[in-house]
Amino acid sequence: MASDDAPWPARTASRARKVLPRRAGSRDQPSDDATPVDQSDGVEPQRELDEVIGDCGVYENGHRRPGRVPLGEAGEVARSTSGFVWIGLQQPTTEDIAAVADEFRLPHLAVEDAVKAHQRPKLETYDDVLFVVLKPVRYVDHDEVVDVTELAIFLGRGFVVTVRHGESDVLRRVRAELDRGNSKLLEHGPTGVLYRTADLVVDGYEEAIDCITEDVDDIETQVFGSTGGDDHSERIYKLKREIAEFRRAVQPLATPLHRLAEGAVPGIDESAAPYFRDVHDHVLRAADAIEGHDRLLSDVLQADLSRVAARQAQVAVRQNEIAVRQNEDMRRISAWAAIALVPTAIAGIYGMNFDNMPELHWQYGYFLVLGVIAAVCLVLYRLFRRNGWL
């Protein structure tokens, strides 16, 4: 974050990783733009307008005017001050924002988009009001989740109205710089607020990309460096899904920033064009990095699936070899069982102790039976041997 005496266009250099436990829309963390709401009973209570409007301040002559301006006076103050009024709202309903919209004559269609949220990053002009949607992101490293929030910003002559959905510290950081008297930021009025907000949002993209890069490198190491049979496809797919959501927050922002960089947007200070051009350059680099990570993960996923398929094929080959060996063993056992059946059958017949049996009292009967047994067993052995069973 720029210091009080740093020039306005100085970009944030911080790359500190932030670990946040909830996805967009979570409301369990305090915010400087709205009073926290007690939801202990599981039902969201009706909020007063003062709870929805987190702050309503006037910035003029290089500093913030002490105190908070009542909403009923904000429109008149915005039209009479040499500076601007900034009203911040947190997840307002249509009824909540109606009074603010009437006070500053906000366009109905833009107000509807700001309340419903889930918009693409965009920039729209309505006569003398500019409507901008930005989507800050935070990467939850331990869950490998891209947490996307949404900011809707109305800019007009002498006022800024911001609507925040989800937990994000971007507006709080911008307001803190203004409260400390950042003259370079204040002298550009609403344009300065828009620039600094977009600047911090894009800085957040770069921080998230740095974290994703580490996870992608870790996945590559696991896939190509391990010798085990682990399947990493689920983790790769989940990260690709988060990157797809990240892409939807980043890529559409390039067009609005290009328009701002060209200095052709009504109500925007033309002297700020070079600074928006710098932000535009950074968002293009972020979009390229996201595409690169997505393609790399696709290649890694294919490689992992190929390795898994190869391991499965090896297992199938080994199973076939085992089955062949089992068949061979069964044939050997069956062959020896057939050979052993001959003496067993003959011995069983002549062991029945009947008086009138052929050759029972013959002198050479015993030797004849042994000869028959031996001959039959020998024939069977040669037959099985020739057929490969033994």
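## A buried charged pair

Let's start inside the protein: Lys240 and Asp294 are both buried, where buried means under 20% relative accessible area, exposed means over 50%, and partly exposed lies in between (1.4 Å probe, protein chains only). This is a predicted model, in which local features need pLDDT of at least 70 and side-chain atom pairs count only at pLDDT 80 or more, while totals for chains, interfaces and linings use all residues. Residues are numbered from 1 along each chain as its sequence is written, and side-chain values use heavy atoms, with hydrogens and water left out.

Lys240 and Asp294 form a salt bridge, with their closest N and O atoms 2.9 Å apart. A salt bridge is a side-chain nitrogen of Lys or Arg within 4 Å of a carboxyl oxygen of Asp or Glu. The pair links distant parts of the chain, 54 residues apart: Lys240 sits in helix α8 (residues 233-250) and Asp294 in helix α10 (residues 273-349). Helices (H or I, at least four residues) and strands (E, at least two) are DSSP runs, numbered from the N terminus.

## Other salt bridges

How many salt bridges does the structure hold? There are 22. One of them joins Asp55 to Arg64, with the closest N and O atoms 2.7 Å apart. Asp55 counts as buried because its relative accessibility is 10%. Asp55 and Arg64 also belong to a network of salt bridges with Arg175 and Asp179.

Asp169 and Arg172 make another salt bridge, their closest N and O atoms being 3.5 Å apart. Here Asp169 is partly exposed, at 21% relative accessible area, and Arg172 is partly exposed too, at 38%.

## The nonpolar cores

A nonpolar core is a set of buried Ala, Val, Leu, Ile, Met, Phe, Trp, Tyr and Cys residues joined through side-chain atoms within 4.5 Å. The largest one has 59 residues, and the members touching the most others are Trp86, Leu194, Tyr205, Phe246 and Phe276. Helix α7 (residues 189-225) gives the most to this core, with 15 residues. Apart from it lies another core of 29 residues, including Leu71, Ile87, Val129 and Val163.

Which residues does Phe276 touch, not counting those up to four places away in sequence? They are Thr191, Leu194, Tyr195, Leu257, Leu260, Ala261 and Ile268. Now look at Val216, which is found in helix α7 and counts as buried because its relative accessibility is 1%. Leaving aside neighbours within four places in sequence, Val216 is in contact (heavy atoms within 4.5 Å) with Leu239, His293, Leu296 and Leu297. Val216 and Leu297 are 81 residues apart in sequence, but 7.3 Å apart in space, C-alpha to C-alpha.

Together they form a hairpin with four residues between them, and Glu144 in the turn has a positive phi of about 55°.

How values were computed. Pairing = 2+ DSSP bridges.
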